[in-house]
Amino acid sequence: MQFYLVDHRTPLGKAIDIWLLVLNLLFVGVFVAQTYSVSATTEAWLWRFEVGIALVFVVEYVLRLYGAQNRLAEFTNPYTMVDLLSVLPTMAVLFLPIPVIIINIGFLRVIRVVRVLRFYRFTQDEEFFFGTVSVGTLRTMKLLLTVLVIFFVSAGLFFSVEYRVNPAVNNFGDAFYYTVVTLTTVGFGDIIPLTWMGRWVTVAGVLAAIILVPWQAGKIVREWAHREKVNVTCPQCGLSYHDPDASHCKACGHVIYQEYDSRQ
């Protein structure tokens, strides 16, 4: 079980990987669709769809714990914790008493946005169901995913705390528009937070964007900068990555061409 849940090479492993990715996309799509005004019939079908996918994720979560060699380490794994948090709101609505649900419905709505973090599980290594990518490509994918996650989570949280009191926020699209305009520093001002929680969600989104995006982008830039250099570390000062024709360290002058030649 553990093998096929992380396998990307065998036909069964690829099928499981693709199926889980599709379910993740549908799960996120259901969350977005539920923020719009739809008919009672459509709303009922969306709820059934959400419950069905959530039950699949519950089975996946149990199988991951059951098949893990170290179940405590698997339970505390950040990806596994996200898997658990992503289905808690749906399971709570199913099994908690009605008064408790009514009291905590706002809290449950906030938790549901962590579902998008499940996509990070698919970027743990360079192997995917369609093949193997380079480290640089994987980092670029993680950067793009981080930008989308920041936008999505910020929009979901902003909608959850503003839609009841803010006439300009009627659905997820309005919240996403506000988030993109705000985090990109355009700031048209047509939508503004009316609650203190909405203001803090905005602050948290801006801080996450200015910390996480440059941090991951810096890794890509360093990779590109070192692409034409040789990964040799100077034994004298510890400086890594030197020009291919360098015979001495540019920092301390120590001879390094022997180390480079030994790697040929």
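The following exercises, each with a worked solution, concern the structure shown above.

The structure is a predicted model, in which local features need pLDDT of at least 70 and side-chain atom pairs count only at pLDDT 80 or more, while totals for chains, interfaces and linings use all residues. Residues are numbered from 1 along each chain as its sequence is written, and side-chain values use heavy atoms, with hydrogens and water left out.

**Exercise 1. Overall composition**

State how many helices and strands the protein has, and in what pattern they follow one another.

*Solution.* Step 1: helices (H or I, at least four residues) and strands (E, at least two) are DSSP runs, numbered from the N terminus. Step 2: the protein contains 10 helices and two strands. Step 3: along the sequence, their pattern reads α-α-α-α-α-α-β-β-α-α-α-α. Step 4: of the 264 residues, 36% are buried, where buried means under 20% relative accessible area, exposed over 50% and partly exposed in between (1.4 Å probe, protein chains only).

**Exercise 2. The packing of H2 with H3**

Determine how H2 and H3 are placed relative to each other.

*Solution.* Step 1: two packed helices are described by the angle between their axes and the distance between the axes. Axes are lines fitted to C-alpha atoms, for helices over the stretch in contact, and angles run from 0 to 180 degrees between N-to-C directions. Step 2: helix H2 (residues 11–33) packs on H3 at about 140°, and the axes are 10 Å apart. Step 3: H2 is therefore oblique to H3; angles under 35 degrees count as roughly parallel, over 145 as roughly antiparallel, 65 to 115 as roughly perpendicular and the rest as oblique. Step 4: the residues of this contact comprise 12 nonpolar, one polar and three charged. In these classes, Ala, Val, Leu, Ile, Met, Phe, Trp, Tyr, Cys and Pro count as nonpolar, Asp, Glu, Lys and Arg as charged, and the others, Gly among them, as polar.

**Exercise 3. The packing of H3 with H5**

Carry out the analysis for H3 and H5.

*Solution.* Step 1: the axes of H3 (residues 40–67) and H5 (residues 78–95) come within 9 Å and cross at roughly 135°. Step 2: H3 is therefore oblique to H5. Step 3: the residues that meet include Trp-47, Val-51 and Tyr-61 in H3, and Leu-84, Val-87 and Met-91 in H5. Step 4: the contact divides into 12 nonpolar, two polar and four charged residues.

**Exercise 4. The surroundings of Ser-154**

Is Ser-154 buried or exposed, and which residues is it in contact with, leaving aside neighbours within four places in sequence?

*Solution.* Step 1: Ser-154 belongs to helix H7 (residues 135–162). Step 2: its relative accessibility is 10%, so Ser-154 counts as buried. Step 3: with those neighbours left aside, Ser-154 is in contact (heavy atoms within 4.5 Å) with Val-149, Thr-179, Leu-183, Val-201 and Gly-205.

**Exercise 5. The backbone at Thr-185**

Describe the phi angle of Thr-185 and its location.

*Solution.* Step 1: most residues other than glycine have a negative phi. Step 2: Thr-185 is not a glycine, yet has a positive phi of about 60°. Step 3: Thr-185 is found in the loop between helix H8 (172–183) and helix H9 (196–225). Step 4: Thr-185 is exposed, with 69% relative accessible area.

**Exercise 6. Cysteines**

Find how many disulfides the structure has.

*Solution.* Step 1: a disulfide is a pair of cysteine sulfur atoms within 2.5 Å. Step 2: a search of the whole structure gives zero disulfides. Step 3: for Cys-237, the nearest cysteine sulfur belongs to Cys-249 and is 3.6 Å away. Step 4: for Cys-252, the nearest one is that of Cys-234, 3.6 Å away.
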